[in-house]
Amino acid sequence: MKPMIWHPEPKDKKVNQYLDKTNREPWVAILVGILLIVCCFTLLVLLGTF
C-alpha cells in the first residue's frame, strides 16, 4: 500500500507551469457572446416594432 503523505515529484513543477500557461478563463469569448446576444435581441425588438 502506498503511503498517504504526498511528496512533490520532479515533473510536477513542469506540469504546473504548463497548466498555468494554457488554462485561462475565456473572458473574451464570454463578453463577445453576451454582446452578440444583446445585439441580436435589440435587432429583433427593433425589427418587431416596424
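**Fold and surface**

Tutor: The protein chain has two helices and zero strands, where helices (H or I, at least four residues) and strands (E, at least two) are DSSP runs numbered from the N terminus. This is a predicted model, where local features need pLDDT of at least 70 and side-chain atom pairs count only at pLDDT 80 or more, while totals for chains, interfaces and linings use all residues. Residues are numbered from 1 along each chain as its sequence is written, and side-chain values use heavy atoms, with hydrogens and water left out.

Student: OK, what radius of gyration does the protein chain have?

Tutor: The protein chain has 23 Å, whereas a compact globule of 50 residues would be near 10 Å. That radius is taken over C-alpha atoms, and the globule rule is 2.2 Å times the number of residues to the power 0.38. The C-alpha trace spans about 75 × 25 × 10 Å along its principal axes.

Student: How far does α2 reach?

Tutor: From first C-alpha to last, α2 reaches 33 Å, close to the 33 Å expected at 1.5 Å a residue; the expected span is 1.5 Å times one less than the number of residues.

Student: Which residues form the nonpolar patch on the surface?

Tutor: W27, I30, I34 and V38, with about 410 Å² of accessible area together. Patch members have over 30% relative accessible area and no salt bridge, and nonpolar side chains (Val, Leu, Ile, Met, Phe, Trp, Tyr) are joined within 5 Å, like charges within 9 Å. A salt bridge is a side-chain nitrogen of Lys or Arg within 4 Å of a carboxyl oxygen of Asp or Glu. W27 is found in helix α2 (residues 27-49) and is exposed at 56% relative accessible area. As a rule, an α-helix has 3.6 residues a turn, so residues three or four places apart point the same way.

Student: Is C40 buried or partly exposed?

Tutor: C40 is partly exposed, at 41%, and C39 is partly exposed too, at 45%.

Methods: Buried < 20%, exposed > 50% of the residue type's maximum accessible area, 1.4 Å probe, protein only. Areas by Shrake-Rupley, 256 points an atom, 1.4 Å probe, with all protein chains shown as cover.
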